[in-house]
Amino acid sequence: MAQHKKLKVLIAERNPLVISALRDMISRDERFAFVEGVQSGDAFIRAVASAEPAFDVAIVAWKLSDMDASEVLTELQRRQLTARMVIFSNDHDVGILKQCVRLGVQGFCYQFDDPCILFDTLLAVANGRICIPYIDVAKINETPLSRLTTRELELLGVLADGWTNLQIATRTGISENTVKYHLKNLYDKLGVRNRAMAVALYASERKRGPLTGTR
């Protein structure tokens with residue numbers, strides 16, 4: 001009976017203890033062979049860019065020591081590099097899954113899933129298939145900012161420019177209390193608690209492309 005070639009797995013994870021645990025699990029499965037563990041996105045990108053990548057499929061944590069997986073995926077696209085990879089997230093935020101799918105990831109698992117789910121996903125991705133948790137594909141491009149009106153986006157934009165409530169009130173001809181009311185509604189829509197969080201979300205979304213609001 002012919003012996004199947006083991007799939008070479010690279011692990012990108014900032015926590016060396018997690019790398020060790022994954023390495024141990026992989027070593028116990030005859031279908032896989034651990035080849036390397038890296039802790040930074042930069043090291044992973046360099047591994048992908050090498051003339052002869054040492055791996056068939058990679059497990060990439062959502063948070064690495066220097067960047068998150070969305071930044072890794074974006075940089076790979078910018079450099080026109082490809083790699084078969086499974087994002088391994090410890091955060092059950094569907095927004096992270098949507099973001100990864102928009103960036104073209106082939107596989108996605110949660111760290112609290114059963115190990116067999118990770119292994120099945122690795123096999124699927126290594127064989128050229130896409131394997132991700134269920135998601136409503138019609139809502140992949142939906143973000144918190146996509147639900148804002150054009151006027152609310154404009155308000156968020158001036159917040160990002162550093163305008164104070166008084167400046168907003170003076171330049172729009174409304175009272176400060178009315179500004180506070182609009183800001184509270186804006187924060188509720190975005191699911192944030194304050195101005196700093198709203199501005200951070202705005203900056204993050206602007207990196208991914210132009211923003212358009214509803215009427």
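Val-9 is buried, with a relative accessible area of 0%. Buried means under 20% relative accessible area, exposed means over 50%, and partly exposed lies in between, with a 1.4 Å probe and protein chains only. The structure is a predicted model, in which local features need pLDDT of at least 70 and side-chain atom pairs count only at pLDDT 80 or more, while totals for chains, interfaces and linings use all residues. Residues are numbered from 1 along each chain as its sequence is written, and side-chain values use heavy atoms, with hydrogens and water left out.

Val-9 belongs to strand S1, which covers residues 7-12. Strands (E, at least two residues) and helices (H or I, at least four) are DSSP runs, numbered from the N terminus. Leaving aside neighbours within four places in sequence, Val-9 is in contact (heavy atoms within 4.5 Å) with Ile-26, Phe-32, Ala-33, Phe-34, Val-35, Glu-36, Phe-55, Val-57 and Ile-59. Val-9 and Ala-126 are 117 residues apart in sequence, and their C-alpha atoms are 9.6 Å apart in space.

## The crossing of helices H2 and H3

Two packed helices are described by the angle between their axes and the distance between the axes. Helix H2 (residues 41-49) and helix H3 (residues 69-78) have axes that come within 10 Å and cross at roughly 35 degrees. The axes are lines fitted to C-alpha atoms, for helices over the stretch in contact, and angles run from 0 to 180 degrees between N-to-C directions. The crossing of H2 and H3 is right-handed; this term applies if the near helix is turned clockwise from the far one by less than a right angle, and left-handed applies if anticlockwise.

On the side of H2, the contact is made by Gly-41, Phe-44, Ile-45 and Val-48, and on the side of H3 by Val-72, Glu-75 and Leu-76. These residues divide into five nonpolar, one polar and one charged. Here Ala, Val, Leu, Ile, Met, Phe, Trp, Tyr, Cys and Pro count as nonpolar, Asp, Glu, Lys and Arg as charged, and the others, Gly among them, as polar.

## Salt bridges

Side chains of opposite charge can pair when their charged atoms come close. The structure holds seven salt bridges, each a side-chain nitrogen of Lys or Arg within 4 Å of a carboxyl oxygen of Asp or Glu. One of them joins Arg-46 and Asp-42 (3.1 Å, N to O). Both residues lie in helix H2, four residues apart, about one turn of the helix. Arg-46 is exposed at 51% relative accessibility, whereas Asp-42 is partly exposed at 34%.

In helix H8 (residues 176-190), Asp-188 and Lys-184 are likewise four residues apart, about one turn of the helix. Their closest N and O atoms are 3.0 Å apart in a salt bridge. Salt bridges that share partners also join Glu-75, Arg-78 and Arg-79 into one network. Between Glu-75 and Arg-79, the closest N and O atoms are 2.7 Å apart. Glu-75 is buried at 19%, and Arg-79 is partly exposed at 38%.

## Asn-165 in helix H7

Asn-165 lies in helix H7, which covers residues 165-172. With a relative accessible area of 15%, Asn-165 is buried. Its side chain makes a polar contact with the side chain of Arg-195 (2.4 Å). A polar contact is a pair of N or O atoms within 3.5 Å; within protein, one must be able to donate a hydrogen and the other to accept it, and residues adjacent in sequence count only if both atoms are side-chain atoms.
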